[in-house]
Amino acid sequence: MKEQKNWTEIITPERKFFSLKLNEVLDYWDLILLFVRRDFVSFYKQTILGPAWYVLQPLIQTCIYALMFGSAFKIAKETSVPSFLFYLSGTVSWWYFAQSVTKTSNTFTANAHIFGKVYFPRLTVPFSILISNLIGFSIQFFLFICIYTGYIFFGGFESQIGLNEILWIPVLIINMAMLGLGIGLIISSLTTKYKDFQQFIGFGVQLLMFASPVILPISIAEKMSNENPEGWGGLLKTVLEYNPMSPIIEGFRSVFFTDYQFDINRIGYSLSIGFILFIFGALLFRKTEQNFMDTV
Amino acid sequence: MSDDIAIKVEGLYKQYRLGVIGADTLKDDLKLALAKLRGKSLADVYDIQGNDRMVGDSEYVYALQDVNFEVKKGEILGIIGKNGAGKSTLLKILSKVTGPTKGQIKVDGRIASLLEVGTGFHPELTGRENIFLNGAILGMKKPEIRKKLDEIVDFSGIGKYLDTPVKRYSSGMMVRLGFAVAAHLEPEILIVDEVLAVGDAEFQKRCIGKMNDVSKNQGRTVLFVSHNMASVMELCDRGLLMQHGTVHSTGKVSDIIPAYLNVFRAEALTSELHTLKTRNGNGKIQFHRVQLMDQENSVIDFALSGQKMKFKVTLKVHKPQEFKQIHISLRVVDSNDVTLFHLSNSVANGKEVSINKDTDEFDVEFHLDKLPLNSGKYHFHLFCSDLQEVYDELNFAGELNVEGGNFYKSGKLPPASTSSFLVDYNVTI
């Protein structure tokens with residue numbers, strides 16, 4: 001006997017792996033914005049410095065790097081870029097990626113109490129995290145521009161902004177978002193069963209940073225590799241080259257510093273890795289969301 | 001043909017894994033993946049056909065087994081059953097919080113579920129902000145919420161606290177605000193789980209009124225899960241009784257509630273209480289036996305209206321020690337589990353009782369000078385606790401059969417169908 005009726009929805013155990021239902025997520029656009037607002041407000045409520053923390057954090061981090069590594073690697077002598085600016089550009093562009101990974105990676109565990117009570121597209125939560133991080137990133141990016149202009153006016157530093165490269169900034173941001181979200185979604189899906197990944201993510205992101213040009217420019221790695229191709233130097237260079245975050249950080253630097261070349265092939269490589277991770281992460285996330293309440 | 005059906009549940013199963021998820025889980029997952037590769041389905045691996053809820057080496061348990069039912073549009077269906085009968089699991093699957101293991105549910109219309117009020121409230125946000133957040137989580141659009149904001153505020157009675165962070169709210173205010181938002185949802189199907197257990201009596205009344213209004217006047221379907229038979233009776237037209245993960249029976253609420261109570265009674269007919277399994281509490285003290293006695297101290301099977309009688313309850317102490325401030329109570333209920341009267345040592349004597357460390361068994365007797373019940377079948381619940389912990393709680397611990405007696409010394413009684421409770425009074429003309 002055949003059902004003639006048009007059901008609004010049929011709940012079944014199996015779900016097609018390749019259905020992202022992004023239109024459903026867009027239906028909940030209001031909710032995403034409210035989550036963003038919630039995250040932003042709860043971030044600075046009952047702190048004395050409030051949103052200033054967005055600015056202070058990268059500044060402090062940059063000072064530490066500049067003091068610790070600035071002289072050791074003699075970056076100022078290698079390039080015409082002041083070491084403070086160099087490290088700030090790295091920290092700021094790294095921050096968005098790192099925040100997106102760590103915050104989205106516990107989507108399921110952190111929201112279990114809500115997810116266990118009511119259904120809404122679960123992808124709204126990681127998307128809202130991306131957007132709230134984008135706000136933080138904009139603030140930090142603005143800070144970088146301010147300090148950059150400060151160096152031009154008071155530090156005798158000559159502007160090196162490449163006008164063509166500026167146009168690539170949105171692409172770089174989208175690329176970072178895809179990479180961060182992709183990794184975050186994969187980790188959050190795995191964490192529902194094996195909490196080991198939650199332990200891993202903390203130092204994993206840290207480790208990835210040391211394998212990126214945030215602290216060490218690729219030019220120096222190349223130099224080390226030439227001196228010692230079989231040993232550490234060679235390994236470092238390979239790791240830096242394959243890290244999909246490297247082209248993004250270099251991309252940002254190429255906008256502001258002439259020492260760095262904008263390499264479209266490297267960006268293309270990074271974009272495709274980002275896209276694959278994002279799609280795979282989102283599919284895995286969708287697959288997990290149906291039954292995660294039983295295991296989390 | 002099936003146009004008036006809102007929900008159709010077909011052959012629904014839900015399996016849970018017992019025990020801890022750890023390194024073994026990985027091993028099991030691999031085993032399962034291997035079985036899947038060889039073309040076996042999940043059902044084959046765990047042999048779903050077995051009627052026992054435990055399967056295989058009992059690592060997996062079925063919370064739901066072959067559940068089938070339909071809900072018509074505009075109907076209020078009450079889902080009842082004992083703890084662990086699978087009610088909450090069913091609701092979770094219906095509200096898409098978790099997925100079924102096998103079977104399917106066909107739904108016609110937008111579902112909104114209320115498994116908890118105030119889901120997603122953030123303590124730092126104000127009442128107004130939380131209304132929007134909570135509303136959006138429940139699936140409302142911003143303009144929709146804005147349109148109803150005044151109504152919601154009015155219904156919750158939050159008033160001037162609207163722009164205060166909800167962390168400063170009392171718990172009652174939070175619940176009221178949460179329910180107010182949920183009540184103004186306009187889904188075709190509303191799923192409600194015991195939210196009425198919270199809030200004061202007046203608010204509960206408003207909630208029931210609202211739910212009635214939603215279904216009767218707006219033609220929406222409501223699924224309501226509760227342990228409170230009084231509110232199920234007041235609210236629902238049809239009932240669905242669940243037992244051990246299956247549907248025991250469905251039908252008119254007036255037929256289903258007695259069936260539900262019979263589930264308890266079947267276990268509770270004995271006066272030897274220590275054999276009963278469905279009990280709550282930590283068991284440091286347990287009800288052992290209960291006996292009905294007349295004034296000559298002989299055990300009786302039934303009592304007469306107006307008779308002088310007593311309940312003799314024997315309690316056993318699991319590990320003899322000193323207990324302070326013990327409270328023991330007995331609650332008599334009618335066939336709909338509505339409490340008729342409540343007896344306890346702390347109320348009658350004005351204080352709790354202490355037990356010294358040598359006692360391993362003691363009796364409590366509740367004396368009634370004049371049994372104030374009309375003829376009929378009643379039950380009683382037993383409860384024992386101190387100020388901090390619950391020692392033992394037995395629902396439907398025993399049956400109390402009452403035959404018409406000479407309560408009024410006139411040989412007459414009001415009809416039992418209209419009045420189960422008798423009051424001492426006189427009339428002057």
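# A tour of chains A and B

Begin in chain B by selecting β4(B) and strand β9 (residues 238-243), which pair in the parallel sense over 5 bridges; strands here are DSSP runs of E with at least two residues, helices are runs of H or I with at least four residues, and both are numbered from the N terminus. Two strands are said to pair if DSSP finds at least two bridges between them. Before you go on, note that this is a predicted model, in which local features need pLDDT of at least 70 and side-chain atom pairs count only at pLDDT 80 or more, while totals for chains, interfaces and linings use all residues. Residues are numbered from 1 along each chain as its sequence is written, chains are lettered from A and ligands numbered from 1 in the order in which they are written, and side-chain values use heavy atoms, with hydrogens and water left out.

## Around β9 of chain B

Which residue of β9(B) stands opposite B:I80? Select B:L241, and you will find that B:I80 stands opposite this residue, while in β10(B) the bridge partner of B:L241 is B:S249. Strand β10 (residues 246-252) of chain B runs antiparallel to β9(B), and 6 bridges join the two. Now move to the turn of the hairpin that β9(B) and β10(B) form, where 2 residues lie between the strands and B:H244 has a positive phi of about 50°.

## An open sheet in chain B

Next, select the three strands β12, β14 and β18 of chain B, which form an open sheet in the order β12-β14-β18, with antiparallel pairing. Because β12 (285-294) and β18 (361-368) of chain B stand at the edges with a single partner strand each, one side of each is left without a neighbour in the sheet. Neighbouring strands of this sheet are turned by 20° against each other on average, with direction ignored; the axes behind such angles are lines fitted to C-alpha atoms, and the angles run from 0 to 180 degrees between N-to-C directions. Strands of a sheet pair through backbone hydrogen bonds, either parallel or antiparallel. To look at one pair in detail, show β12(B) with strand β14 (residues 309-317) of chain B, which are joined by 9 bridges, and then pick out B:L292, which stands opposite B:F311 in β14(B).

## A buried asparagine

Is B:N345 buried or exposed? This residue is found in helix α10 (residues 345-348) of chain B, and it counts as buried because its relative accessibility is 11%, where buried means under 20% relative accessible area, exposed means over 50%, and partly exposed lies in between, with a 1.4 Å probe and protein chains only. Leaving aside neighbours within four places in sequence, B:N345 is in contact (heavy atoms within 4.5 Å) with several residues, among them B:I326, B:H327, B:K351 and B:F366.

## Salt bridges

Select B:D108 and B:K73, whose closest N and O atoms are 2.9 Å apart. B:D108 counts as buried at 17% relative accessibility, whereas B:K73 is partly exposed, with a relative accessible area of 42%.

Then go to B:D392 and B:R279, which form a salt bridge with the closest N and O atoms 2.6 Å apart. B:D392 lies in strand β20 (residues 390-403) and B:R279 in strand β11 (residues 279-280) of chain B, 113 residues apart, and both residues are buried.

## Over to chain A

Chain A has 15 helices and 1 strand, and buried residues make up 51% of its 296 residues. To finish, select A:F43, A:I48, A:L49, A:W53, A:I60, A:I64 and A:M68, which form a nonpolar patch on the surface with about 720 Å² of accessible area together. Patches are made of residues with over 30% relative accessible area and no salt bridge, with like charges joined within 9 Å and nonpolar side chains (Val, Leu, Ile, Met, Phe, Trp, Tyr) within 5 Å; accessible areas come from the Shrake-Rupley method with a 1.4 Å probe, and for residues only the protein chains shown count as cover. Helix α3 (residues 52-69) of chain A gives the most to this patch, with 4 residues. A:I60 lies in helix α3 of chain A and is partly exposed, with a relative accessible area of 45%.

Methods. A salt bridge is a side-chain nitrogen of Lys or Arg within 4 Å of a carboxyl oxygen of Asp or Glu.
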